[in-house]
Amino acid sequence: MSHRKPTTTDDGRVKETSRSRDEWQDGTLREALQGKGERDVEFSTVSSLPIGRLYTSEDLGDAWDPVERLGFPGEYPYTRGVHPTMYRGRLWTMRQFAGMGSAAQTNARFKYLLEHGQTGLSVAFDLPTLMGRDSDDELSRGEVGKEGVAIDSLADMERLFEGIPLDRVSTSMTINAPAAVVFAMYLAVAEKQGVPFEKVSGTLQNDILKEYIAQKEWIYPPRPSLRIITDLIAYCTREVPRWNTISISGYHIREAGSTAVQELAFTLADGMAYVDAGIEAGLDVDAFAPRLSFFWNSHNDFFEEICKLRAARRIWARVMRERFGARDPRSWMCRFHTQTAGCSLTAQQTYNNIVRVTVQALAGVLGGTQSLHTDSYDEALALPSDHAVTVALRTQQILAEESGVTNTIDPLGGSYFVEALTDEMEREALAYVERIDAMGGVVAAIEQGFQQREIADAAYKYQTQVDQGTKTIVGVNKYRMDEDAAPEILKIHPEVERAQLAGLERVRRERDASRFENAVAALRRAAESGDNLIPPMLEAVRAYATVGEVCQALVPVFGTYREVSVI
Amino acid sequence: MLGTVSEAKVNEARKLRLLVGKVGLDGHDRGAKIIARALRDAGFEVIYTGLHQSPQMVVDTAIQEDVDAVSLSILSGAHNYLFPKVIELLKEKGSDDIPVFGGGIIPEDDIPALKEAGVLEVFTPGASTDEIIDWVRAHIKSRRES
């Protein structure tokens, strides 16, 4: 045929060069497949997204316009990155999440990390704190200081940041239902250090919607919870302009077992719900949207993760400009933190986790993350040991300073496969967003258990694939071996709980009782009247009201949330 | 209010009735839900407590629902307190014939003490659902036959 051009190979046989994929499939490929088939009938990502054999310009099509789809770094729609110079200008922030035991122990871990080159702090709180309960609450027994640091009152917060000037670090606090209370405590510490609020910077996770969907740490029902969030946004817009008010998180959605597309879709939908809430509360979208940021998971499937991150930037830019009419480019930017996937780590052959984390971290970097947490190899067993944390941080430093991947911006941009997969994930995510919109929005969908069920189904499907061996986990369902003793792990001693309870008792005994009571009463009045809750909350924590006391004070007004469980 | 109760088939009087519980403040319910669904699909009757149950709530449900075993999923690190507490409360109610097993992020070192406290079996990350189902078939007997 006229468009086939014969060429000669080294051994003199005549071979043809294909001019289209069809031609290649019918010729060279067919012959190869007749000899020996492929390893599998179907190939798919860890999320079961089908992946084709080969991607060519035909997958992108004639209408695919790089200016419209990709733009340039630092320009709409930010597919290639939010900064014009990306890592050539400045590396990502290496931010290792840390927190365990008492405030004093965590303070020591923070100082250790800062001395070893970490550039921002990230606080992990224990479960009672995350649930807005004091250490002496009935349900807190056995959990105090276990998964993070125990914070009951301002006294603990003062100890947590002792010797760490809050105008010189940026702090990320992973807390949601009681986020406003802990934020108020952080501001109170800044006040005591003499640091003005406008110099305080950091990020509050403060993403309650994903709690109902995935992480399940809630206090109040969704609607009053959204009001606390919009109060906090309004307050920060005026008083703490460098604070990132919500870190809209896909991380936990993924950890709960979602697919990559579900993580992308449910998280962006949550983001849209917060923007809606802010606008409904009377705020100008460009006054608060620049301070919204995102938090993604980076799992094992390298390209799926990179494409998810690229798609996230493009979707968010378009939604903010077209759906919400934002005019400030900073409102269009999807800036994000990435953490490697805790759920991908294995308790078997734990050193293999270092390799998993490296691949996942590299995906985060090639996806253009602004900050990164690398998991420690022993996290499927317990909280990380110092040694494991150091290896995790070194992994980032090797990627940043040895691998060369930071030399150019978005090195995978323009790859047929990467662009086709980015487009496909965008399409599938937007289809989910449409379904959620049709249900009446995120809160209505949560109330119907929609996202929860989609995630549970995906988690079950994946577990079945692992059990059947159709998805491989090295060391778990393939390449198993007998192992000697588990590595040394970090243990939190029960003494932490006893000491915490004693400290809490002392705070209650020594605080100014009438100042405390007046502050809590003023807070409840604000909840009833609709006034902004943050100033009275700040006064309550200054008066050493505890996390549990502040949260409980609002229960009579806001009620509590109870999930209808689906299995 | 309880979560989902799988449909009971009248003709299977000996079908095992299992409680899958999340106790404490731990919100990680991915594993518990997968186990609940796998046990249900394997033909057992499964009652899932939902989240944030106190040991007392789990024990009360186990007794009211007359289950053949209680399985607990704990990823919070509070297993050394919560497992023994549930066993102790079952004993107080004279229901210590209800066996307790479970799983989660539980260090190997802690398992001997948990077994000593009466936990029948502990499954750690990487255990397959088949392994757990096989174990239940081999070790959990219907209490209603005796």
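This is a predicted model: local features need pLDDT of at least 70, side-chain atom pairs count only at pLDDT 80 or more; totals for chains, interfaces and linings use all residues.
**Entry: chain B overall**

I began with the make-up of chain B. I found five helices and five strands in it. Along the sequence, the pattern reads β-α-β-α-β-α-β-α-β-α. Chain B has 146 residues, and 53% of them are buried. I then looked at contacts in chain B between residues at least 6 apart in sequence. Of these, 73% join residues at least 24 apart.

**Entry: where chain B touches chain A**

Next I looked up the contact between the two chains. Chain B puts in 31 residues and chain A puts in 34 residues. Which elements of chain B give two or more residues to this side? They are helix H1 (30-41), helix H3 (79-92) and helix H5 (129-139). H1(B) gives the most, with five residues. By class, I noted eleven nonpolar, 13 polar and seven charged residues on the chain B side.

**Entry: the sheet in chain A**

I turned to an open sheet of five strands in chain A. The strand order is E3-E11-E10-E9-E8, and the pairing is parallel. Which strands stand at the edges? Strand E3 (93-94) and E8 do. Each has a single partner strand, so one side of each lacks a neighbour in the sheet.

I checked two of the pairings. E8(A) pairs with strand E9 (residues 292-298) of chain A in the parallel sense, over four bridges. There, A:Ile246 is opposite A:Leu292 of E9(A). Strand E10 (residues 336-340) and strand E11 (residues 371-373) of chain A are also parallel, over three bridges. In that pair, A:Gln339 is opposite A:His373 of E11(A).

**Entry: the faces of E8(A)**

Are the faces of E8(A) covered or left open? I found both faces of the strand (residues 246-249) covered. In a regular strand, side chains alternate between the two faces of the sheet. Here A:Ile246 and A:Ile248 lie on one side, with A:Ser247 and A:Ser249 on the other. All four are buried.

**Entry: H12(A) against H18(A)**

I then followed helix H12 (residues 260-280) of chain A. H12(A) packs on helix H18 (residues 416-438) of chain A at an angle of about 50 degrees, with the axes 8 Å apart. The two helices are therefore oblique to each other. Their crossing is right-handed. From H12(A), the contact uses A:Ala260, A:Val261, A:Gln262, A:Leu264, A:Ala265, A:Leu268 and A:Ala269. From H18(A), I listed A:Met425, A:Glu428, A:Ala429, A:Tyr432, A:Val433 and A:Ile436. This contact has eleven nonpolar residues, one polar and one charged.

**Entry: H12(A) against H14(A)**

H12(A) also meets helix H14 (residues 302-323) of chain A. Their axes come within 10 Å and cross at roughly 25 degrees. Angles under 35 degrees count as roughly parallel. H12(A) and H14(A) are therefore roughly parallel to each other. I noted a right-handed crossing for this pair. H12(A) brings A:Ala260, A:Leu264, A:Leu268, A:Gly271 and A:Met272. Residues met in H14(A) include A:Glu304, A:Glu305, A:Lys308, A:Ile315 and A:Trp316. By class, the contact divides into nine nonpolar, one polar and three charged residues.

Last, I compared the residue lists.

Terms used: Residues are numbered from 1 along each chain as its sequence is written. Chains are lettered from A and ligands numbered from 1 in the order in which they are written. Axes are lines fitted to C-alpha atoms, for helices over the stretch in contact, and angles run from 0 to 180 degrees between N-to-C directions. Angles under 35 degrees count as roughly parallel, over 145 as roughly antiparallel, 65 to 115 as roughly perpendicular and the rest as oblique. A crossing is left-handed if the near helix is turned anticlockwise from the far one by less than a right angle, and right-handed if clockwise. Two residues are in contact if their C-beta atoms, placed from the backbone, lie within 7 Å. Ala, Val, Leu, Ile, Met, Phe, Trp, Tyr, Cys and Pro count as nonpolar, Asp, Glu, Lys and Arg as charged, and the others, Gly among them, as polar. A residue is buried if 20 or more other C-beta atoms lie within 10 Å of its own, exposed if 12 or fewer, and partly exposed in between; C-beta atoms are placed from the backbone. Two strands pair if DSSP finds at least two bridges between them.
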